[in-house]
Amino acid sequence: MIFLKLFLTYCKIGIFNFGGGYAMIALIEDEVVNKNAWMTASEFTDIVAVSQMTPGPIGINVATYTGYTAVVNAGYESWLGIAGAFLASFAVILLPFILMLVVTRFMVNHKNNRDIQNVLSILRVTILGVIAAAAMVLCTVENFGTPTQSLWQFVWSIAIFITVFFFAFKIKINPILLILACGLIGFIVY
């Protein structure tokens with residue numbers, strides 16, 4: 001039963017996702033943590049962090065890790081978790097792949113149509129909102145702490161976040177260097 005539910009859930013995530021992997025995070029979190037309770041918010045946050053550090057598209061990486069974790073957390077053996085990882089990864093790309101085959105054929109024939117261009121410009125703005133929602137999903141107690149639990153951890157987390165945001169967007173520091181620096185700071189501070 002978990003496999004069918006996993007397949008249908010990731011098909012839904014794949015077909016209703018616009019904007020790439022980061023935009024997908026909020027929808028995956030809602031399905032996997034809130035609706036199906038296949039894992040905790042803390043586990044999901046860890047999975048997103050690992051998915052960002054591993055090679056490949058983040059949406060597929062998150063699907064792979066959550067597919068495995070959902071099956072194992074449901075009480076199945078780890079080899080079935082691997083099957084869950086493959087199933088979730090396949091399901092998340094299946095319908096978008098088919099849709100893109102159809103849409104690409106249509107777009108080639110109508111790429112200069114004014115209505116098509118208007119729809120695409122609206123989608124660009126919508127995607128920004130979906131990515132912002134994904135960022136808000138990651139602004140959790142697990143990532144930042146709370147001022148009432150540990151003011152020191154909360155202040156450090158906010159300071160690191162603001163500093164990395166500044167260095168990434170204003171100074172254009174290589175993201176790999178920022179990840180390494182944050183890992184070192186996190187190791188020292190925490």
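The dialogue below sets computed values against the definitions of the terms used.

Tutor: This is a predicted model, in which local features need pLDDT of at least 70 and side-chain atom pairs count only at pLDDT 80 or more, whereas totals for chains, interfaces and linings use all residues. Residues are numbered from 1 along each chain as its sequence is written, and side-chain values use heavy atoms, with hydrogens and water left out.

Student: What makes α8 and α9 roughly antiparallel to each other?

Tutor: Helix α8 (residues 151–169) and helix α9 (residues 175–189) pack at an angle of about 165 degrees, with their axes 11 Å apart. Axes are lines fitted to C-alpha atoms, for helices over the stretch in contact, and angles run from 0 to 180 degrees between N-to-C directions. Angles under 35 degrees count as roughly parallel, over 145 as roughly antiparallel, 65 to 115 as roughly perpendicular and the rest as oblique. The pair α8 and α9 is therefore roughly antiparallel.

Student: Which residues make the contact of α8 with α9, and how do they divide by class?

Tutor: On α8 the contact is made by W152, W156, I160, V164, F167 and A168, and on α9 by L178, C182, I185 and V189. Contact means heavy atoms within 4.5 Å. The division is 10 nonpolar, no polar and no charged. Ala, Val, Leu, Ile, Met, Phe, Trp, Tyr, Cys and Pro count as nonpolar, Asp, Glu, Lys and Arg as charged, and the others, Gly among them, as polar.

Student: What is the relation of α1 to α4?

Tutor: The helices α1 and α4 pack at an angle of about 155 degrees, their axes being 11 Å apart. That makes α1 roughly antiparallel to α4. In this contact, I2, F3, L6 and Y10 of α1 meet V62, A63, T66, G67, A70 and V71 of α4. By class there are eight nonpolar, two polar and no charged residues.

Student: At what angle do α4 and α5 cross, and which residues meet there?

Tutor: The axes of helix α4 (residues 58–73) and helix α5 (residues 78–110) cross at roughly 140 degrees and come within 7 Å. Among the residues that meet are I60, A63, T64 and G67 in α4 and S78, L80, G81 and I82 in α5. The contact of α4 with α5 has 11 nonpolar, six polar and no charged residues.

Student: Why is the pair of E31 and K12 called a salt bridge?

Tutor: A salt bridge is a side-chain nitrogen of Lys or Arg within 4 Å of a carboxyl oxygen of Asp or Glu.

Student: How many salt bridges does a search of the whole structure find?

Tutor: The search finds three. D30 and K35 form a salt bridge at 3.4 Å, N to O, and K35 also bridges to E31, the closest N and O atoms being 3.4 Å apart. K35 and E31 are separated by about one helical turn, because they lie four residues apart in helix α2. K12, D30, E31 and K35 are linked in a network of salt bridges.

Student: Is E31 called buried or exposed, and why?

Tutor: Buried means under 20% relative accessible area, exposed over 50%, and partly exposed in between (1.4 Å probe, protein chains only). E31, at 4% relative accessibility, therefore counts as buried.

Student: Which terms apply to K12, D30 and K35?

Tutor: K12 has a relative accessible area of 34% and is therefore partly exposed. D30 counts as partly exposed at 26%, whereas K35, at 54%, is exposed. Of the 190 residues of the protein chain, 29% count as buried.

Key: Helices (H or I, at least four residues) and strands (E, at least two) are DSSP runs, numbered from the N terminus.
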